Amino acid sequence: MKIAALIAIFALAFDTADFNRVETLGSDSIKQPLFTEIPASPIGVGPYAGEPAVADCNNDGNADIILACGTCCGSPAKPESGHVMVLLGDGRGNFNRAKDSPIKIASSARKIAVGDVNRDNRLDILVAQHDSYDVVILIGDGQGGFKPLPPVAASRGGRPHTHDITAGDVNGDGNLDFLTTNANDHNISVMLGDGRGNFAPAPASPVTAGRHPYDVVALSDVNGDGKVDIITPDLMSSKVVVLLGDGRGGFARAPASPFAMGPRPGYVSVADINRDGKMDFVATHDDDPLAVVMLGDGAGGFQATLGSPLRPERAVWGTDIGDVNGDGFADIAMASGASASVVIMLGDGRGGFTAAAKQLRAGTWVTYVAMADFNKDGKPDLVASNYGSGDINVWLNATK
């Protein structure tokens, strides 16, 4: 379903009386998190706010926020969109635009990844475009400024429909590589870096990944062999695909992959949910209010936890995982564009989750959420991006 149409539908369907109506069974015995929105929130970033990344762009030790703002899935292009916004944090929870920001890219600049592509100890940004195979690399100056290199084509010859980009060292040479999902081509591009800002396809790139690898391509070592693996949702097949890495930039399906989900899984987050030292994941679904919790066996296999799927009141999209209430257990924050809110599910440390007593009110068609410590108090704060209203919300964690 196209995002523009969904915004219109949910604007009509949303009933403010339902806003705080969430399942809170047993919540009286669970420590509840408390969040306070910063005074400047929401912060305007331009039309079509994309997924936020958190990193230190100017080497001051403070967390900054970076995101691309561009068209997706049928939304009309706007002259003021198609850029990357860099917001520099002051370490107290406040943010200001970096010099030269916003950085113009192209109308469908949609997703970013961050890392040091040229090994100069300065953060760089890789920008994927929804309607193009081209990836634009922005070289950082270490002070919050960025300059583009010529675009890198991550693939060729198909129908461009790039829904995500991620960066990491997939072949163990110490250089930053990147991957993109090519939804219409049913594959993932694996681009190997040379440590000087240049990239070339891995020998087996692109890698087949189901019928429609969608909005996340996550890197993690799921089988404990010290090599980077891939987890990505296959939207059209209602499955999640796990690809095991060979440590040289090649990937092959895990023995039990793909893993069946509910209809149209679009997003995954990876973490050790039950504290057994093995990587697990949570998958959310494009149109249905479902969140599937899958526990890993440490060998590349996954099994749904007892009580999965979780059933929030409305559909949820982008997620992040961390301990928001300070009890030592992993919790889940989920962006719900359907209810204009961030839904928090509190974990029991064994793979079970209960909805927090309150949701966080966000902007129009909130799509993504990320956790980070913005004010250096050791507690995870939250940022959520709102595709429809073109802004972000920032909350500081005030849990005692």
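This is a predicted model: local features need pLDDT of at least 70, side-chain atom pairs count only at pLDDT 80 or more; totals for chains, interfaces and linings use all residues.

Colleague: How many salt bridges turn up in the whole structure?

Modeller: A search of the whole structure gives 12. Side chains of opposite charge can pair when their charged atoms come close.

Colleague: Take Asp100 and Lys147. What is the N to O distance there?

Modeller: It is 3.9 Å, and the two side chains form a salt bridge. The pair links distant parts of the chain, 47 residues apart. Asp100 sits in the loop between β6 and β7 (103-104), and Lys147 in strand β11 (residues 146-148).

Colleague: Is Lys147 buried or exposed?

Modeller: Exposed, because its relative accessibility is 54% and the cut-off for exposed is over 50%. Asp100 has a relative accessible area of 46%, so it counts as partly exposed.

Colleague: OK, Arg264 next. Which residue does it bridge to at 2.5 Å?

Modeller: Asp286; 2.5 Å is the separation of the closest N and O atoms in that salt bridge. Arg264 lies in the loop between β22 (259-260) and β23, while Asp286 is in the loop between β24 and β25, so the bridge ties together parts that are 22 residues apart in sequence.

Colleague: And what about Arg264 with Asp287?

Modeller: Those side chains also meet in a salt bridge, at 3.2 Å, N to O. Asp287 is in the loop between β24 and β25, so this pair ties together parts 23 residues apart in sequence.

Colleague: Why does Asp286 count as buried?

Modeller: Because its relative accessibility is 3%, and buried means under 20%. Arg264 is at 23%, so it counts as partly exposed. Asp287 is partly exposed too, at 31% relative accessibility.

Colleague: Let's move to the strands around there. What is the order in the sheet?

Modeller: It runs β23-β24-β25-β26. The sheet is open, has four strands and pairs antiparallel.

Colleague: Which strands stand at the edges?

Modeller: β23 (265-271) and β26. Each has a single partner strand, so one side of each is left without a neighbour in the sheet.

Colleague: How many bridges join β24 to β25?

Modeller: Four, and the two strands run antiparallel. Ala283 stands opposite Val292 in β25.

Colleague: Switching to aromatics. How many pairs are there in the whole structure?

Modeller: The search finds nine aromatic pairs. One of them is Phe95 with Phe374, which is edge-to-face: 5.2 Å centre to centre, with 90° between the planes.

Colleague: Where are those two Phe residues in the chain?

Modeller: Phe95 is in strand β6 (residues 95-97), and Phe374 is in the loop between β32 (366-372) and β33 (381-386).

Colleague: Are they buried or exposed?

Modeller: Both Phe95 and Phe374 are buried.

Colleague: Which residues make up the ring cluster?

Modeller: Tyr214, Tyr267, Trp317, Trp365 and Tyr368, linked by ring pairs.

Colleague: Last stop, Asp391. Where is it?

Modeller: Asp391 lies in strand β34 (residues 391-397). Its relative accessibility is 12%, so it counts as buried.

Definitions and conventions:
Residues are numbered from 1 along each chain as its sequence is written. Side-chain values use heavy atoms; hydrogens and water are left out. Rings of Phe, Tyr and Trp (its six-membered ring) pair if their centres lie within 6.5 Å; planes under 30 degrees apart count as stacked, over 60 as edge-to-face and the rest as tilted. Buried means under 20% relative accessible area, exposed over 50%, partly exposed in between (1.4 Å probe, protein chains only). Two strands pair if DSSP finds at least two bridges between them. A salt bridge is a side-chain nitrogen of Lys or Arg within 4 Å of a carboxyl oxygen of Asp or Glu.
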